[in-house]
Amino acid sequence: MPKHRDQATPVDGDAPPVPWHALDARTLSTRLDTPVDGLNEAEVRKRLEQWGPNQLPHARSTPAWRRFARQFNNLLIYVLLISAATTLALQHFIDTSVILAVVLANALIGFIQEGRAEQAIEAIRSLIAPRTTVLREGTRRSIDATAIVPGDLVLLEAGDRVPADLRLLHASRMRIDESLLTGESVAIDKQVDAVPQGAGLGDRLNMAFSGTLVVAGQGLGIVVATGIRTEIGRISTLLRNVQTLKTPLLKKMDRFGRQLAAVILGVSMAVFIGALARGIPWDDAFLVVVGLAVSAIPEGLPAVLSITLALGVRRMAARQAIVRLMPAVETLGAVTVICSDKTGTLTRNEMMVAQIVTAGGDIEVTGDGYQPHGEFLRDGQPVAQTEAQAIRELAEMAVLCNDAELQAHDGLWSVSGDPMEGALVVLAHKAGLDPHTVRANNPRVSEIPFDSVQKFMATVHRLPDGRHLGCVKGAPEQVLDMCAAQGSAADAAPLSRAEWETAIDRLAHAGYRVMAVAARPLTKADCAADEAIQNLTLIGLVGLQDPPRQEALAAVAECQHAGIRVKMITGDHVGTAMAIARQLGLHDGDKALLGTRLEKMDDEALREAVRHTTVFARTTPEHKLRLVQALQANGEVVAMTGDGINDAPALKQADVGVAMGKKGTEAAKEAAEMVLADDNFATIVTAIREGRTVYDNLRKVIAWTLPTNGGESLIFIVAIALGLTLPLSPLQVLWINTITAIGLGLVLAFEPAEPAVMNRPPRRPDSGLLSNYLIWRVILVSVLMAGGTFLAFETALALGRDLETARTLAVNAIVAMEAFYLFNVRFLDTRSLSLQGLKGTPAVLAGLSAIILLQLAFTYTPQARMLFDSRPLAWLDGAAVIGTGLALFTLMELEKLIIGRRFSVHGQSPHEKPHA
Ligand code: ATP
């Protein structure tokens, strides 16, 4: 039996669990049969087959029959079922079968739509499945966390969720929050020494348990248990992260729908009594009331709204913006400020060292991206031999204090690890060094990992002659403070601080990202020892090129048109930040706020400062939180980007927290509402555009649905109140509602963005779906639709047509008005009478064609005649039907021109005007 059968809980369950925490590192690797450079792919496949994927079983979703049954739990269906029973008792068999067919069709459509919406959400969730870094066959690989097997070597760093149960082999300042497992809220300091066999979970300091969060430091562990055999798997074997499609607005609409239904039932009762008082026989009166209830209840609305939302979420995902929490879809449309990181989001994050400054002066480095070929030039000429020696020393230190690796696949060079560190590895190649050999000859004995607050990284190495060397690289201001000399570690001269400061400014203002490299021979091997980061010798500066993303430039301009302000919040040097801001069109005079100044401001001063400042430099994640709070206190709706674990509080606080999908930690992703699969600023703007479109479409669905229901119910109320003949029979209303809700209402969920969607200011966050203007429009259109129907019906009667023909005409007139009104609604506040407006979309055309065919069937087939009492219409009648629809369309376009202009359909933001 292979040795890795020793998992914490063996599958057969008869052997006792292995006390991995009590074993020493050497025994561990032997028992798990793992070579020092990790497993190979063949072995991984074998183990994956043996142990299965590293995942907890999902909570079983609701069975299909139950989801289908749920469709019947709806007020309208109750009304219909009662009507079906009553008509059955009255032996109106045709009515009974039509009503039952409608009930069934309704349930079926609801069931299918709901299923599709849920599938869309499920598919999106799988896009942000956690990833993890493993060491296999000597190389670091980022893989899906489910593909981990026992014996895998997993690299952990701050912000990672531990993907499986690991026995730690290496831990550098590593702290893990195990509250999920032990309830202990203080993060635990991890170490690698064996602990007694009887130690409880919380005392197993050399273990990292699946699902817990690395809050600081970094380390390496060997997987001892995966999937349900992990500690967390044993506690709860089910994963419950069911995400519903409900957002606050949809919930509000649901509530509104229920209240509306209650009112409608009340009105229906009143109409029933009124009808009886008028001497109408009770069975007829009952059918009238059913017709009224059916016509008035917007039963399709919740489903169509959910579909609209699901489609929006899917469109966003297709454009690399993955929405984790549904309410974000709504909030996105209201965003007034985007606070963005610089590196990788606004810039390309494809770094290249383009300048070096040593004690001897400035040197230009040529080359292309990560390709390890290039030259070192001074004033256009290759540098002298002595200079080359200084460059080699700088490159050597930079590659030692570094975790990145350069890889080539099919002639394409890429970096695994931090791109900036990758650029330093490339530099080493250009200087004629082999990074592998340099690292192998000078093994690292201790380290202080980089973090975005202290802004430097330090390592200690054992040199071939047994002495030790400390290497530091980091933000130049920080490193300069640690230095007392300059030149080379072995041959140092006193530090000329002012000259270096000038050089730093020069590089930063040219837009380079600047890093300083320093070193010092040490007597101790311990990085934590103070001497490792004091009295260093500054070897030199590197200036890294990281050009702005072209698409970010266009996205910034789009934001300016859309009344959204963009702020850059970066850990980088103020000069670099300003240079990049200028290149992106974010230029804002000379105003930039430094983290150190921000720290001294009280909340009031900060609120004032954020109004006018665009660039925030040398900030720490803590500053981000204060900035979000200050902006929110000013009434802004803030989208904030982040990637590190320390960014999590700011991401949570922001209205829309945006995490980076590629370089972001799991902690940041979990705190965010949205994840950018491509880490690109432009994607945020695309998501905002989609967010605005979704919101528009929700409003369009409502603007279409409510007046169509309103118009139909008004017909019944007016007819009963005035004692007129009903222009529609209850069954005909059922027909109209069923076909138009799907053929017309649903197509609005597929509407593309209006052309001007990013040329208007953000909507007010507190504006509901039903603005005053929308309410006015619902009333107006209801009245016009009811009026049009009566007009068609009464004219036909006056012209001597029989009741059935007049009703057929009325049904067609209503459907025509609803179809024409759809075109008005497709553009809420701009003219619909344009080429684009009239052309429609594939969804509109499909819906419309279906409606026309169904209406022809309704009017001319004998089956419809039998079921609905319809009669064929003459050509001229057809013209009248289209004329009625056209009249409504024209009136509504005039209304947009005259009245619509004075209202804003979109509820303007109070504090923001669109920029010129
Ligand atoms: P942004 O917040 O826009 O992504 P940033 O990446 O520059 O900006 P940080 O990652 O906090 O922000 O980096 C701040 C500074 O720390 C950098 O300007 C650089 O000088 C230094 N630095 C960044 N990464 C490393 C690293 N791996 N090792 C040493 N120093 C680093």
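1. Alanine 293 has its place in helix α9, which spans residues 282–296. The model is a predicted one, and the points below should be read with that in mind.

2. Is alanine 293 buried or exposed? Its relative accessible area is 2%, and because buried means under 20% relative accessible area, alanine 293 counts as buried. Leaving aside residues up to four places away in sequence, alanine 293 touches Leu76, Val79, Ile264 and Ser268.

3. Alanine 293 and lysine 591 stand 298 residues apart in sequence, and from C-alpha to C-alpha they are 62 Å apart in space.

4. Turning to the ligand, 20 residues lie around it, and of these Lys342, Met420, Lys473, Arg513 and Thr570 come nearest. By class, the shell around the ligand is made up of nine charged, six nonpolar and five polar residues.

5. Which residues place polar atoms by oxygen atoms of the ligand? Threonine 570 has a polar side-chain atom 3.0 Å from an oxygen atom of the ligand, while a polar backbone atom of glycine 571 is 3.1 Å from a ligand oxygen, and an N or O atom in the side chain of arginine 618 is 3.2 Å from a ligand oxygen. Of the 610 Å² of accessible area that the ligand has on its own, the protein covers 90%.

6. The elements giving two or more residues to this shell are α13 (419–430), β18 (468–474) and β21 (513–522), and the largest share, three residues, comes from β21. The ligand lies between domain 3 (321–347 + 550–679) and domain 4 (352–545), because both domains give residues to the shell around the ligand.

Terms used. Residues numbered from 1 in each chain as written. Predicted model: local features only at pLDDT ≥ 70, side-chain atom pairs only at ≥ 80, totals over all residues. Heavy atoms only, no water. Near = heavy atom within 4 Å. Polar contact = N/O pair within 3.5 Å; in protein donor to acceptor, adjacent residues only side chain to side chain. Areas by Shrake-Rupley, 256 points an atom, 1.4 Å probe, with all protein chains shown as cover. Helix = DSSP H or I, 4+ residues; strand = E, 2+ residues; numbered from the N terminus. Nonpolar A, V, L, I, M, F, W, Y, C, P; charged D, E, K, R; others polar. Domains from an automatic or database assignment. Buried < 20%, exposed > 50% of the residue type's maximum accessible area, 1.4 Å probe, protein only. Contact = heavy atoms within 4.5 Å.
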